[in-house]
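This report describes selected features of one protein model.

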Amino acid sequence: MNANTQFVQDLVTFPAKANAVPKTLYESAEIYQLELERLFYGPHWHPVAHTGEIRESGDYKTFYIGEVPILITRLADGGVGVFHNACAHRGTMLVPEVRGNAAEFQCPYHRWLYDNGGNLRGVPGDDDFPEDFCKADFGLRKIRFEIFAGLIFATLDDNAAPLSEQLGEIAEPLRESLGGDGRLKLLGYQKVMYNANWKTYRDQDGYHPPLLHAAFKLLNWQGGKGVCTVADNGLIALVSQLAAAKNSDFLKDPSLVEFRGVDPSKGSYVVCPSLISFGTKHLDMFNFRFGMPRGPFKTEVHWAYFCHEDDDEEMANHRLRQSSNLLGPSGLVSLEDAAVFSRIQNALKAGTENAFFLKGVRKDKDPYKSGQNDEIANIVWWEWYRKAMGFSRAAA
């Protein structure tokens with residue numbers, strides 16, 4: 001066993017039972033740094049933008065993979081570019097804005113100038129540079145990416161397997177959650193910083209919604225039929241039937257919870273195609289939640305809402321009203337779980353050393369055939385996480 005392996009083994013040992021998870025995983029700075037190295041910077045794909053966010057030539061968006069700042073651009077020829085958001089000279093962050101439109105980017109430190117394809121175009125004082133200096137060698141560092149249904153995935157590991165291998169059987173539910181063809185237009189964002197570890201956010205399950213969210217009872221969204229797909233890597237797709245609300249008189253405007261242009265038997269999609277991001281479609285909303293870890297104790301999530309390119313003005317406005325009011329971090333009808341995430345983080349040192357998954361965890365249940373109201377699928381993801389991180393499990 002080499003020193004690096006011994007260091008990993010000394011960090012934590014998983015309990016013998018697969019449904020128990022050590023709480024130290026949610027607060028250890030050493031484990032967080034190892035996660036950045038092995039997961040966020042390793043051979044995995046991360047959703048970083050949707051083409052609907054950068055529709056026009058010159059549009060750009062900034063984001064992070066782990067703690068690495070990146071820049072996503074719409075090129076003049078209609079293509080997409082993904083780069084490290086750092087000047088190739090001294091490493092200064094090139095673009096601080098979240099979104100915008102620009103044909104070129106200038107570093108504020110020494111005024112190096114790049115086009116939106118990452119090519120170095122202007123360098124003040126280069127007549128006094130080393131004789132072998134060449135602009136072509138100092139373009140923005142490119143990042144490998146693939147596009148699925150308009151969703152731009154990037155990886156920092158050039159040896160990562162093709163995106164199709166990561167998505168596997170959740171690909172089609174993901175496509176449906178993005179409108180079927182991915183031809184979406186951005187409506188806007190809701191952005192939130194959770195006071196919790198990124199895995200607390202990732203640990204969401206189907207057990208809690210009808211218990212925590214009173215709106216699910218009001219909307220008659222409990223106990224409907226659903227299909228849950230769980231992949232070997234723990235990625236998950238939940239397709240659920242949503243019945244129409246029996247009584248919507250708790251709202252002054254019941255049209256907020258109307259179905260328009262959807263099949264109620266597939267009225268809800270929740271798809272997790274990566275470590276920390278979710279595609280969701282409830283009623284007529286197209287929503288993708290782009291997640292970023294912000295250290296061991298914070299997680300930032302950008303909820304991006306979309307309409308379809310073929311929507312008329314009335315339908316686009318309907319999607320906008322549902323997106324901004326129905327669910328989410330500032331949902332009028334149902335708020336996101338921010339308070340619970342914070343309570344989990346604040347109580348890590350109380351009670352037992354482990355957290356447990358129990359609903360649906362029975363000897364006669366296959367974890368790959370999870371229901372929509374249990375938490376057995378979490379076990380699959382945690383086992384994948386354990387192996388990817390190199391942690392051992394105690395003997396039974």
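Is Cys272 buried or exposed? In this predicted model, Cys272 has a relative accessible area of 0% and is therefore buried.

**Cysteines**

The structure holds 0 disulfides. A disulfide is a covalent bond between the sulfur atoms of two cysteines, and the cut-off applied to a pair of sulfur atoms is 2.5 Å. For Cys272, the closest cysteine sulfur belongs to Cys228 at 11 Å, which is too far for a bond. The table sets out the two cysteines.

| Cysteine | Closest cysteine sulfur | Sulfur distance | Relative accessibility |
|---|---|---|---|
| Cys272 | Cys228 | 11 Å | 0% |

**Strand pairing**

Strands of a sheet pair through backbone hydrogen bonds, either parallel or antiparallel. An open sheet of 3 strands is found here, ordered E8-E9-E10 with antiparallel pairing. Strand E8 (104-106) and strand E10 (120-122) are at the edges; each has a single partner strand, so one side of each lacks a neighbour in the sheet. From one strand to the next, the twist averages 35°. Strand E9, residues 113-115, is joined to E10 by 2 bridges in an antiparallel arrangement. Leu113 stands opposite Gly122 of E10.

Another antiparallel pair is formed by strand E11 (residues 144-148) and strand E12 (residues 151-155), which are joined by 5 bridges. Phe148 has Leu151 in E12 as its bridge partner. The hairpin of E11 and E12 has 2 residues between the strands, and Ala149 there adopts a positive phi near 50°.

**Cavities**

How many cavities of 30 Å³ or more does a search of the whole structure find? The search finds 2. The second largest cavity holds about 60 Å³ of space. Its lining consists of 13 residues, and those nearest the centre are Phe40, His46, Tyr64, Ile276 and Gly291. At least two lining residues come from each of strand E3 (46-50), strand E4 (59-65) and strand E18 (286-293). By residue class, the lining of this second largest cavity comprises 8 nonpolar and 5 polar residues, with no charged residue.

Definitions and conventions. Residues are numbered from 1 along each chain as its sequence is written. This is a predicted model: local features need pLDDT of at least 70, side-chain atom pairs count only at pLDDT 80 or more; totals for chains, interfaces and linings use all residues. Side-chain values use heavy atoms; hydrogens and water are left out. On a 1 Å grid over the protein atoms alone, a cavity is a set of points where a 1.4 Å probe fits but cannot get out, and a pocket is an open set with protein on both sides within 12 Å along at least five of seven lines; lining residues have an atom within 4 Å of a point. Grid points are joined across faces, edges and corners, and a volume is the space filled by probe spheres set on the points. Helices (H or I, at least four residues) and strands (E, at least two) are DSSP runs, numbered from the N terminus. Ala, Val, Leu, Ile, Met, Phe, Trp, Tyr, Cys and Pro count as nonpolar, Asp, Glu, Lys and Arg as charged, and the others, Gly among them, as polar. Two strands pair if DSSP finds at least two bridges between them. Axes are lines fitted to C-alpha atoms, for helices over the stretch in contact, and angles run from 0 to 180 degrees between N-to-C directions. Buried means under 20% relative accessible area, exposed over 50%, partly exposed in between (1.4 Å probe, protein chains only).
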